[in-house]
Amino acid sequence: RTSSSSVNRSTSAIAVVIVTYNSAGQLGTVLDSLSAGCDGVDLVDVVVADNLSTDDTVDVAKQPRDIPVRVVQLGRNAGYAAGVNAAVASLTAHVDAYLLLNPDITMHPRSAVPLAHALGQGARAIVFPQLRNPDGTLQPSLRRKTTLPRTVAEALVGGGLASRLGGLGELIMESEHYHSAGPTVWATGAAMLVSMQATRDIGPWDESFLLYGEETEFALRAADRGWELWYEPESVMDHVGGEQTVTNPSLHALLTVNRVRLYRRRHNPVAGAVHYGAVTLGEALRAVGGRRTAQAALAALLCPSRRLRELPGDAVAPGHG
């Protein structure tokens, strides 16, 4: 367990890590925002970890900019966690933290400064910024702890409605929660500043999740080891993806199975079985209504042989939310 007295309070040298897969249409915008976004911190490296894109992602990354960008190619669509691990392993300069960004993020000017300041206080592993939609409205990103009552509520009425009904869902919708800095259980992984000291203590990202759930697992594992997760609203970034529903049936099935896997890993068998039953019920209710994503998820939940072992070639760009 890590104590605050052991934490390096100087978070000045930062690397940016962006994991891509067919992200040519988005990557240029985030890369162009880095110079202003990281003004005030020592940006020592920018790494694009590419999962064998078939579009012009790598060419976009290599276009001349005032900030040099390195490309680490994984050689296959290995998933988000694998991209993060490959990028972090490639860092050669001294780095206090890495800023992990989705390809569809745009940094506001100097938005890295509040993150770096917050990370240097106490035993903090990850600091999350405030996310906004491209139109400037708040994008809810903070999460409550997963509980069986919340899982049942989301199964019966859906996650969006449950979150609007007095906190029955995991996603925190109330805007007042986003005005003040403070600890959080976890948050959308579209943008996060991650301590290298904490990373060495926590270990690598779990690549078995492929896509979806890996940032949650990493954050919760950090908390297990005594590290704090922090939300810093003074840092603002735009996120195009938002909370769009996954429309690819195979990927929705992967998201759902990973949700069950993560809960089972962290709870006793009885609680895991109840959680699995609630999630399965929710997907069954929507499958009966003809929703293809729910039908795929239900099949994967009931039949392990239907679960993805590798990402399909038409997978969306790695990212969260």
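# A walk through the helices

Start by selecting helix 9: its residues Pro249, Leu251, His252, Ala253, Leu254, Thr256, Val257, Asn258, Val260, Leu262 and Tyr263 are buried. Buried here means under 20% relative accessible area, exposed means over 50%, and partly exposed lies in between (1.4 Å probe, protein chains only). Helices (H or I, at least four residues) and strands (E, at least two) are DSSP runs, numbered from the N terminus.

Before going on, note that this is a predicted model, where local features need pLDDT of at least 70 and side-chain atom pairs count only at pLDDT 80 or more, while totals for chains, interfaces and linings use all residues. Residues are numbered from 1 along each chain as its sequence is written, and side-chain values use heavy atoms, with hydrogens and water left out.

**Around helix 9**

What covers those buried residues? The cover includes helix 5 (148–157), helix 8 (214–224), helix 10 and helix 11. Contact means heavy atoms within 4.5 Å. Now zoom to Asn248, which caps the N-terminal end of helix 9, with a side-chain oxygen 2.9 Å from the backbone nitrogen of Ser250.

**Helix 10 and helix 11**

Next, select residues 269–288 (helix 10) and 292–302 (helix 11): their axes come within 8 Å and cross at roughly 145°. Axes are lines fitted to C-alpha atoms, for helices over the stretch in contact, and angles run from 0 to 180 degrees between N-to-C directions. On the helix 10 side, the residues making the contact include Tyr276, Val279 and Thr280, and on the helix 11 side they include Ala294, Gln295 and Leu298. Within helix 11, Thr293, Ala294, Ala297, Leu298, Ala299, Ala300 and Leu301 are buried. Their cover includes helix 9 (249–266) and helix 10.

**Two loop residues**

Most residues other than glycine have a negative phi. Go to Asn22, in the loop between strand 1 (13–20) and helix 1 (24–37); its phi is positive, about 50°, although it is not a glycine. Asn22 counts as partly exposed because its relative accessibility is 28%.

Then jump to Tyr212, in the loop between helix 7 (196–202) and helix 8. Phi of Tyr212 is near 80°, again a positive value in a residue other than glycine. Is Tyr212 buried or exposed? Tyr212 has a relative accessible area of 11%, so it is buried.

**Last stop**

Finish at Leu119, in helix 4 (residues 112–119). Leu119 counts as buried because its relative accessibility is 3%. Select Ser175 as well: the C-alpha atoms of Leu119 and Ser175 are separated by 23 Å, and the two residues are 56 residues apart along the chain.

Key. A polar contact is a pair of N or O atoms within 3.5 Å; within protein, one must be able to donate a hydrogen and the other to accept it, and residues adjacent in sequence count only if both atoms are side-chain atoms.
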